[in-house]
Amino acid sequence: MGKYYASLAGEDNDVAEAVLEHYLPRYSGGELPSGFLGAVLGLSDRTDTIASCFSAGIIPTGSEDPYALRRAAQGIVSIILGKNFSVSISRLTEEALKMSGPSDPSLKNKIVEFICQRLKAVLENEGIRYDVAEAVLKNCDDIVSAYCKAFEIQKVLSADWFSKLVESADRVRKICASAPGGSVDASSFIEKGEKDLYATLEKVSIDVEKSLGHKDLGSALKGLSDLSLPLGKFFEDIMVMHEDMKIRNNRLALLKEVESLYLMFADFSKISFSK
C-alpha cells in the first residue's frame, strides 16, 4: 500500500517502487529488490531496526526473537550478496547506532557478530564446511569478500600446500596468543632464519595486499603459502623465547606481523583436518 500512497502523493516512480521493494526479501531465499533504491532502503531499515532493538536491550536469545531480528539480519546478508554490494557492516552499524543515541561501545561488535552469524548459515546451506565458515567470520566486515573467501578455501582443502599453510598459521597463533604488541626492528635480527622470514614476509605482504585489492582471492591465498617454508625453518632454527628480552620481543613482533597477514584473509586456526 505504501507504493500506491507514494504514487498518489506524486512521488517519483523509482521512489514508490523502493517503498514496496524495501520489504524484500520477505523470507530466506525470497525475491530481492530489483532496484538500487529499494535495496539501499532495505539495508538501512533492517540495520536501524536491529540497532534500535539491541540498544533497548532487545536481543534474541535461543528461540526467542519476537521482533524477527534474525530475519532482518538474514535480509541484510541476502541483499548485500545478491546485489554484490561492497559495504562495511561495521560502518553501517555505527551509523545506525548514532540514530539510537549514546550506547555501550561493545554494542557495535555484538551487532556485527549477529549479522555475520547469518552469513555463516548461508555458507553452510550452500555446502561450505562449518570450520571454513568459522574461519572467514573472523574478518567478515565485507560480506561479499568473506563469502568468496570461503569458496576459495573450500576449493583447496585437499591441497598439500594448504594444509601446510594452516599448520603454520595455527602454530603462529598459539605462540602469539599472549605476545605483547610492538614494531619489528629488522636491524636487531641476528639469525639467518629470522632474517629470511622477515624478507619473505615483506614480499608476501605486498603481493597478498595487491591481490586482495584486485579481488584476486585465489592468488592471495596461494601467496600466503609462501610463508610456510621460511616459517618452518624459523621454528626449527630459532629460539623465539630468547633470554634477552629485546631479542625475544622482536621475534614475537615478527610473528605477530605474520599472524596479522594471515588474518587479513581468514582465521586458519579454525580449519580442521581431523576428519
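This is a predicted model: local features need pLDDT of at least 70, side-chain atom pairs count only at pLDDT 80 or more; totals for chains, interfaces and linings use all residues.
Helix α10, which spans residues 192-213, packs against helix α13, residues 245-265, at an angle of about 20°, and the two axes lie 11 Å apart. Because angles under 35 degrees count as roughly parallel, α10 is roughly parallel to α13. The crossing by which α10 passes α13 is left-handed. On the side of α10, the contact is made by E194, L197, Y198, L201, V204, S205, V208, E209 and L212, and these residues meet R251, L254, L255, E257, V258, L261, M264 and F265 of α13. Divided by class, the contact of α10 with α13 comprises 12 nonpolar residues, one polar residue and four charged residues.

Helix α10 also packs against helix α11, residues 217-224, with an angle of about 160° between them and their axes 7 Å apart. Since angles over 145 degrees count as roughly antiparallel, α10 and α11 are roughly antiparallel to each other. This crossing, between α10 and α11, is likewise left-handed. From α10, residues V204, V208, S211 and L212 take part, and their counterparts in α11 are L217, S219, A220, G223 and L224. The contact of α10 with α11 contains six nonpolar and three polar residues, and no charged ones.

The largest pocket has a volume of about 310 Å³. It is lined by 13 residues, among which D142, S145, L212, K215 and L217 are the closest to its centre. Helix α8, residues 143-155, supplies the largest share of the lining, namely five residues. By class, the lining of the largest pocket divides into six nonpolar, four polar and three charged residues.

The residues in contact are D14, V15, A18, V19 and E21 of α2, together with L37, G38 and L41 of α3. Among the residues of the contact of α2 with α3, five are nonpolar, one is polar and two are charged.

Key: Residues are numbered from 1 along each chain as its sequence is written. Side-chain values use heavy atoms; hydrogens and water are left out. Axes are lines fitted to C-alpha atoms, for helices over the stretch in contact, and angles run from 0 to 180 degrees between N-to-C directions. Helices (H or I, at least four residues) and strands (E, at least two) are DSSP runs, numbered from the N terminus. Angles under 35 degrees count as roughly parallel, over 145 as roughly antiparallel, 65 to 115 as roughly perpendicular and the rest as oblique. A crossing is left-handed if the near helix is turned anticlockwise from the far one by less than a right angle, and right-handed if clockwise. Contact means heavy atoms within 4.5 Å. Ala, Val, Leu, Ile, Met, Phe, Trp, Tyr, Cys and Pro count as nonpolar, Asp, Glu, Lys and Arg as charged, and the others, Gly among them, as polar. On a 1 Å grid over the protein atoms alone, a cavity is a set of points where a 1.4 Å probe fits but cannot get out, and a pocket is an open set with protein on both sides within 12 Å along at least five of seven lines; lining residues have an atom within 4 Å of a point. Grid points are joined across faces, edges and corners, and a volume is the space filled by probe spheres set on the points.
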